[in-house]
Amino acid sequence: MSQYISKQDLLSWLGKLRESHRLAAPVRVDDLVLFKKVERVEDIALDFDNTTLSPKEFFFPPTETLFYADRKDGQVELVPAEVTEETVIFGIRPCDAKGIATLDLPYMEEPGDALYQQHRDRTTLIGLSCIKACPECFCTSMGSGPDDASNVDIMLTEAGEGYIVQVLTDKGKAIAPQLAEKDVQAPPAPAVTPVPSEGISEKMREAFDDPYWGRLADRCLHCSMCSYVCPTCYCFDIRDYNENGRANRVRSWESCQSPGFTKIAGGHDPRADKGIRLRQRFGHKLLYFPEHFGTMHCIGCGRCVRSCPVNIDIREIIQDVQKLGAQK
Amino acid sequence: MAVEFEPRIVGFLCNWCSYAGADMAGTSRITYPPNIRIIRVPCSGRVDPLLIVKSFQMGADGVLVAGCHPGDCHYSEGNYYARRRFAMLWPYLEYLGIEKNRFGVEWVSASEGKRFSQVVTSFTNEVKALGPRKAEALA
Amino acid sequence: MIEEIRTKARELLESGTVDCVIGYERATDGINARPLFVYDAAGADRLIFDQTCTHNLVKYLRNRKDKVTGIVVKGCDSRAVNLLISEHQIEREKAYIIGVVCPGIVETGWNKKSDKLRDICQVCRQHTPVVYDFLVGEPPASEPEVEPYPDVAAMEAKTPAEREDFWREQSSRCIRCYACRQVCPGCYCSECFVERLDPLWVGIRIAPKENEMWNSMRAFHLTGRCIGCNQCERVCPMNIPLSLLNRKLEKEVAETFHFQAGMDAETPAPFATFEKDEKIGIGE
């Protein structure tokens, strides 16, 4: 016997949540599926593979003001930005939920990012497990899986005409609706194509000086798309803006792949070379982050594979690095 | 009492001809609407199309560029290049949703004080008739 | 067609005429293409050419300035070569151009098979490269008579308010990944206007106002320079119809200056020249 909700009841539950929270869910926008604030629950896409952009934008927005500086009576007053809205994200895939848990590691490591923490505290995650796997997904090789419920507050699994519901945390309990009991089994988790990630960090270290990276970077356009669609990439740039006499310190997404990313005062750029710049991405994903935080910096969602205009494919790179590292 | 809409117009005037023309209007005590905020540039060829779009984004209801008559440019050719650039910018701005009459290019010489005031008066009236740029307008 | 390209590539590499041939190979989804840099004759076997070969490889030529590079180009790509030569960014002698008479490229997407020609390819009138050292394929007897700018005309037919709403919606989608700029052969400024801090034209904030400034003015910087490969629109992850901006300016340039970018390497671009007595609809 499982806790169960019919599709109809699901939509009316979400409609109710909309009234007290900001509800974000996957919505069709032309040919894309994107997480958007829901205006009508009928707009929610329930049959999608995954969204183009990851849900990290609800914790690490593309643009965010960190604080304001006002001038009052000849004094400067710093006004920190605050997150006040309560948010519910519906339809987050297990891989993306692991992505958020992975983002927690740098952003909540002492001293911790105050705004990120506020977003996290004020957001509840309703997951939707995967009943089919895309050919480019490889979550099982990156510590997750299509039915991995470890990083959400409520997990839904499609079964029959509705969903099996697992309420997993106190946050989940606080918003959970009335649930029926139904004798229904979860469908078997779909098979996910594996990628040889075992021991990749060591192999990455050994392949560090290989000319492979220069050759790979030949076709890279350094367009930053991989970093922007990635659920776990977290680099940013900060600038101060003056708006109507009020200073805003603004943080925006940036990417280590962007050509000027490592330009420093005096004009020197340690990663001016394309190969070195591209190596940095995979070094971070497969070696430096795991070394520091104990987990891969990739969750196998496949977005970079789908989006890269020149088919720089992390699955292919992992296979190549395994072979390269083995040669050393 | 309702406040009548007064457009905010940014004017890029070349130093040698049109700015001098505006100056002549002033010394001759010829009046023209005060809506225009004049920015002096060395040549109309210096006016980057980015300046025009940025002006609209920062709240201008209209943007006027004034330069020397073609053939009389103080730097010989600056206004020829400007003419080409603005010939492409004008339909492009309209394509982006900025009504055609909000952007104007006029040639005014240093002795044409009266003409300057006529140009500014009619431009201001046209922009006034269009009303303010929408509050949530992007550019 | 493929065998001719491979044979020529092998010959160029073996003879040392070039140190690299830039072409296409199959991507990891088994359906699409991706750029390939071949450095040794044996690698020439990986080269392919078909209707999924959408990329404009001329983008990579500028980085290889000091060496002679072989490159596979389609009709539109070849115009990018002329553009870069006319702007003194590459030397004609440093490129060995393998021109391919283009059959038209299909709409590509990860793991998607399609027979539908890209919109831009449906109005193409330059299937044969305009510059090449070696030509693969039969040039068509004549180019098709097509309505050149139906998409732009449809946009022009809307009211200014409708267009403003349209561009506002599109601008709100942009994530400023700059893929459009990075893929464009015409975008090569060492400091892009978005990176300028003084004056701060755009800045780093990712918001509709800044996004619209970015997209509309990048297109304007390509006035009379854009060769219409439409890679910018293809790579955009948010499906923003950037071609509607570039092609509007292409249409204006064609109608006012009777000029098309990249048809040869000598004719100066419209903004780089002038005619004293021309009447072009401004300041009159």
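Two residues are in contact here if their C-beta atoms, placed from the backbone, lie within 7 Å. Keep that in mind, everyone, and remember that we are looking at a predicted model.

How many residues of chain B are in contact with chain C? There are 30 of them, and they meet 32 residues of chain C. On the chain B side, the elements that give two or more residues are helix H2 (49–57), helix H3 (78–95) and strand S4 (103–107). Have a look at H3(B) on the screen: the largest share of that side, 13 residues, comes from this helix. If we sort the chain B side by class, we find 19 nonpolar, three polar and eight charged residues.

Now over to chain A. Here 31 residues of chain A are in contact with 24 residues of chain C. Helix H7 (225–229), strand S11 (236–243), strand S12 (246–253) and helix H9 (303–307) of chain A are the elements that give two or more residues to this side. Its classes come out as 13 nonpolar, eight polar and ten charged.

Which of the two touching pairs has the most contacts? That would be chains B and C. And what about A with B? No contact joins chain A and chain B, and their closest C-alpha atoms lie 10 Å apart.

Let me stay with chain B for a moment. Chain B has four helices and four strands, and from the N terminus on its elements run β-α-β-α-β-α-β-α. Along its principal axes, the C-alpha trace of chain B spans about 45 × 35 × 20 Å. A compact globule of 139 residues would have a radius of gyration near 14 Å, so the 15 Å of chain B agrees with that. Buried residues make up 55% of the 139 residues in chain B. Of the chain B contacts between residues at least 6 apart in sequence, 83% join residues at least 24 apart.

Finally, chain C. Chain C is divided into domain 1 (2–136) and domain 2 (150–272), with C-alpha centres 24 Å apart. The contact between these domains takes 20 residues from domain 1 and 19 residues from domain 2. On the domain 1 side, helix H2 (75–86) and helix H3 (119–122) of chain C each supply at least two residues. H2(C) gives the largest share of that side, nine residues. By class, the domain 1 side has eight nonpolar, six polar and six charged residues.

Methods
Residues are numbered from 1 along each chain as its sequence is written. Chains are lettered from A and ligands numbered from 1 in the order in which they are written. This is a predicted model: local features need pLDDT of at least 70, side-chain atom pairs count only at pLDDT 80 or more; totals for chains, interfaces and linings use all residues. Ala, Val, Leu, Ile, Met, Phe, Trp, Tyr, Cys and Pro count as nonpolar, Asp, Glu, Lys and Arg as charged, and the others, Gly among them, as polar. Domain bounds come from an automatic or database domain assignment. The radius of gyration is taken over C-alpha atoms; the globule rule is 2.2 Å times the number of residues to the power 0.38. A residue is buried if 20 or more other C-beta atoms lie within 10 Å of its own, exposed if 12 or fewer, and partly exposed in between; C-beta atoms are placed from the backbone.
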